[in-house]
Amino acid sequence: MTAQAATGQAAAGELAGRVALVAGATRGAGRAMAVELGRAGALVYVTGRTTRERVSEVGRPTETIEQTAELVTAAGGKGIAVPTDHLEPAQVKALIERIDREQGRLDVLVNSVWGGDRLIEFDTRLWDLDLDNALRMFRLGIDTHVITSHFALPLLIRRPGGLVVEVTDGTAAFNRRYRGSLCFDLTKNAPHRIAFGLAAELTEHGGTAVSLTPGFLRSEEMLDHFGVTEETWREAVAQEPHFAIAESPALIGRGVRALAADPERARWTGQSLSSGQLAKEYGFTDTDGSRPDCFGYFEDVVFGGKQATAADYR
């Protein structure tokens, strides 16, 4: 029995020798996934636009790719920060050439680039949307993923067993409901189809592609929005009752770590997965020891009217 089978988590060093690229690792889910891959011993290239010298349009200067790389190394892996705008093909091409030159392999590609939250206009009809913002959302959430995979996949398929994770918001089933803004809806459904298509294209190379979503994520930006910290996050439930089901970024990080260490991960290829689903499957928990099932809670309680609380889904 492997350490993962016994504990539900990849053991320290279980991903030693593996090389990962987490595109969009400045903060939130991207940072957590990079750190957890490092915790299992992987060498992780982390990319993004915010560095200690330059701040992206997201405007959060205290969260940098250098910090993420340091956290990866501190966790037990090796983090390498490479400033990259994934909308610029030349920059992405140079990034992959560097990984090839320095490592000669790529085992895990996580497409987590986003940065479009500030552009969303919920409850606004298409004809009333700011068109420039809407089209920018497509660029940030779809084009970046396609550009990155275009350049990265020739290196990833050099060895069988490569893993591609398309990070999005909402499972394919959850996103059958309209997400309240047409362009946001399209942007967050696209990664499901990208993963589905890549699963077909990677099959002959022994590769696996999935889409993956967190639940109600306690990202740095969300905590700031509610004026709380990771230690005091439950105080925000008074403002937003559904925040009681929120999960830390570590949960999705542990999900990617478990997938990367699973020798039978190909069984997931082409599927839409969630952090809560993987936690149940692999037996890991969030940082507080709970196993939040965000999408079960929303389906049953919020949309289905079931008499239950978030505590019943943790």
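## The cavity

A cavity is a set of points on a 1 Å grid over the protein atoms alone where a 1.4 Å probe fits but cannot get out. Grid points are joined across faces, edges and corners, and a volume is the space filled by probe spheres set on the points. The structure, a predicted model, holds one cavity of 30 Å³ or more. The largest cavity has a volume of about 30 Å³.

Its lining (residues with an atom within 4 Å of a point) consists of Leu119, Glu121, Leu129, Asp130, Asn133, Ala134, Met137, Ser181 and Cys183. Helix H5 gives the largest share of this lining, three residues. Helices here are DSSP runs of H or I with at least four residues, numbered from the N terminus.

## A pocket

A pocket is an open set of points with protein on both sides within 12 Å along at least five of seven lines. The second largest pocket holds about 260 Å³ of space. Of the 15 residues that line this pocket, Arg31, Ala32, Glu220, Pro249 and Ala250 lie nearest its centre.

Helices H2 (28-39), H7 (220-226) and H8 (249-261) each supply at least two residues of the lining of the second largest pocket, and H2 gives the largest share, five residues. By class, the lining of the second largest pocket has six nonpolar, four polar and five charged residues. Ala, Val, Leu, Ile, Met, Phe, Trp, Tyr, Cys and Pro count as nonpolar, Asp, Glu, Lys and Arg as charged, and the others, Gly among them, as polar.

## H5 and its packing partners

Helices H5 and H6 (residues 182-202) have axes that come within 9 Å and cross at roughly 15 degrees. That makes H5 roughly parallel to H6 (angles under 35 degrees count as such). Axes are lines fitted to C-alpha atoms, for helices over the stretch in contact, and angles run from 0 to 180 degrees between N-to-C directions. The contact of H5 with H6 has 13 nonpolar, four polar and no charged residues.

Helix H4 (residues 89-103) also packs with H5 (residues 131-156), at an angle of about 20 degrees and with the axes 9 Å apart. Their contact (heavy atoms within 4.5 Å) includes Val92 and Ile96 of H4 and Phe151 and Leu155 of H5.

## Reading notes

Residues are numbered from 1 along each chain as its sequence is written, and side-chain values use heavy atoms, with hydrogens and water left out. In this predicted model, local features need pLDDT of at least 70 and side-chain atom pairs count only at pLDDT 80 or more, while totals for chains, interfaces and linings use all residues.

Note on methods. Parallel < 35°, antiparallel > 145°, perpendicular 65-115°, else oblique.
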